[in-house]
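Have the model open beside you as you read.

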Amino acid sequence: MIPAQSSLPSGPAAGPERVLGRLRAAAAPVGRAARLMTRRPAGICATVLVVLLAAVVLVGPWLAPDPNAQTAAPLTAPSGDHWMGTDNTGRDVLARFVAGARISLLVALVCTAAATVVGTLIGMAAALRAGGRFDILTMRLTDVVMAFPLLVLVPVLSGVFTQKGIAVGPVELDNVAIMAIAIGIALTPVFVRLARASALAEVRKDYMTAARCLGARRRDLVFGNLLPNIATPIVVQAAFSVAVAIIVEASVSFLGLGIQPPDASWGTLLTDARSQLLLGAWWLILFPTLGIAAAVLALTLLGDELRDLLDPRMRRTFHGKPRRRAPQPEAATEPAGRSADGELEEEIR
Amino acid sequence: MIQAPTKTTDLLAVTGLGVAYGDPAAPVRAVVDVDLTVGRGESVGIVGESGSGKSTLLRALLGLHGSGAAVSGGIAVDGVQLAHDPAAMRRVRGGTVSMVFQDPVNAFNPAYTLGSQLGRLVALHRPELGREQRRAHVAAMLDRVGIPAHRTRSHPFEFSQGQLQRCMIAAAFLAGRPALVLADEPTTSLDVTVEAQIVELIRDLRAELGMSMVLVTHNLGLVADLCDRVHVMYAGRFVEHTTIRGLFDSPAHPYTRALLKSAPDLDRVRESRGSRLPTMRGGVPDLAAPPPGCPFAPRCDEHLGEVCDRDLPELLPVPLMPAARTAHGTAPAGQASDTLPRPGDVRARCHRHAASALSGGTAVEGVKA
């Protein structure tokens, strides 16, 4: 399975070949993941959309440099010069779409990543002290946070933070960062609950006891044994949460309570588009909407695919063939030379 | 085989061990006042029905009882007190004392391949080994228990239960260098033919490596195969301590006799086709509110009356029974003598024996199973 080893000649390898082997070994997991992801239509769809979004975010700025340059006539329909048309002040919609994608996706990814890590750690800690004071306090706190609708909680939090002004060292956080923090806080309870519930089910299983009684340390128990077994639902939830974060950010910005103009996000693009819709400027509303829909669809499909892929039982069906090298006759696994019958008689006597 | 281990050579010495769950005011006493010693190279069985506290006892030995349990008494391994010293307990786990679990399917982490799990164990207990040596060691371990080395890349779900139990045994017996292996019903989840192979494997490994073993089971045949002496447990207490010969030929406690009678026996089943197999009436008493007298009194066929319901009997030496004296009279000379129970080997917690011991006379009659 590991190309590095099978591709190497048995003697001392020549330099370039060894380097090549190492590279291949390093690339193997990526290649395997890519192969696995593209086995089913949904997986292909998710992969294509994610790659497209990544391309927009990474390459976009070179295609459409300045989102705020008023270089063209206002409200022109999509054309060869302006692929997505222009808005009412003559700004290129493609440039704003790309800039908006960067901010929307950045906010969504950062806040979900933070919520996942923090939520999982808190959830595991709560599960390991189940019934204790920390556990109870954490659970009630998540109840409180989850009781508020996201669309209320996020603007309130970001409003409070903006008023107070948050500084990390010398850096004053701008309103994009504050937005990310607010959404992150709103998303964390889901991960706390999920991690706690999964961990509670896992810590009671025999393999945890077995690992303990065969000498595993506490850190190894928690991060080596527990975490990999609760990771699947958490990773899947993270993919869905990115989608939720994109929608929340867009909604809050649409309401004028999130990202502030002239910064572009998909939500603020929609705000701008709303007043122009009656003038027939359909392109203003179409492209941000498509962007949001595509991103949410991609991440939802990705979540579904991950759910299957992360289960080791499913990997075999994805490979389509067993991973062992040669079929082993069952007899080879039994110690030879003694019939079970004599034993049996003795057993039953 | 039976030797009274001297204090200095006892590998495991448990004194007055108690495990209680729940409300301290009205605790569920799962294990009460258990004394147990295991000498080097010795194999001790603990038998009893479900709910008798035998698994709880075994887990308490390694400090694996949950946080809700209150453990009292002493557990010394190699003369080191572990009972209330989690750090010392952790040092012992896997290294000096390891454990084989009942259900091998759940005892392996489903997220890792078997090779990486065993490799991690080896790394923990043999830190001096390098990566390649470790891999070779794992392969050798698996080879010893009859699993082909290439299966290190398989996940636990790709193995059969019997294969996993082999791997479990490899992990417990071969990863560290344990002096004592605790086995918690190692064959209960396996079918009979596989069970026979596992029994054989355990016996071979013990013969090869000379480690001690505490075997918890409700399978009397397993005890006969693997143990030197045996404790019978009922309602959290040891009610009888005897040798293997003693267990089958002259069980001293009424519970032991009932247990032996309830074990299905092919010959007996054939004879009594159509009729019901013998069973023990009633169930294990409520451990939260145990009866004041002998815990077995409500189910006992040899009930003596008021004294059984009123007083808890002591675990007292049982005078050898006529049955035990005569049963092996025909055995070839010099062969059976070491396995025959000797005076003091057999102890039972029963008023009948207390009465007969007091009267200084012969043993109770009519006890041949």
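Searching the whole structure turns up 19 salt bridges over all chains, a salt bridge being a side-chain nitrogen of Lys or Arg within 4 Å of a carboxyl oxygen of Asp or Glu. Side chains of opposite charge can pair when their charged atoms come close.

Before we go on, some ground rules: this is a predicted model, where local features need pLDDT of at least 70 and side-chain atom pairs count only at pLDDT 80 or more, while totals for chains, interfaces and linings use all residues. Residues are numbered from 1 along each chain as its sequence is written, chains are lettered from A and ligands numbered from 1 in the order in which they are written, and side-chain values use heavy atoms, with hydrogens and water left out.

Start in chain A with R40(A), which pairs with E305(A); their closest N and O atoms are 2.9 Å apart. That pair links distant parts of the chain, with R40(A) in the loop between α2 (15–37) and α3 (41–63) and E305(A) in helix α11 (residues 282–309), 265 residues apart. (Helices here are DSSP runs of H or I, at least four residues, and strands are runs of E, at least two, numbered from the N terminus.) R40(A) is partly exposed at 29% relative accessible area, whereas E305(A) is buried at 2%. For those words, buried means under 20% relative accessible area, exposed over 50%, and partly exposed in between, using a 1.4 Å probe and protein chains only.

Next, find R91(A) and its partner D272(A), whose closest N and O atoms are 4.0 Å apart. R91(A) sits in the loop between α3 and α4 (93–128) and D272(A) in helix α10 (residues 266–276), so this bridge ties together parts 181 residues apart in sequence.

Now hop over to chain B, where R40(B) bridges to D78(B) with closest N and O atoms 2.5 Å apart. R40(B) lies in the loop between β2 (28–39) and β3 (43–47), and D78(B) in the loop between β4 (69–77) and β5 (80–81), 38 residues away. R40(B) is partly exposed at 49%, and D78(B) is partly exposed at 41%.

What about the backbone? D78(B) has a positive phi of about 60° although it is not a glycine. D33(B), in strand β2 of chain B, also has a positive phi, near 50°, and is partly exposed at 45%.
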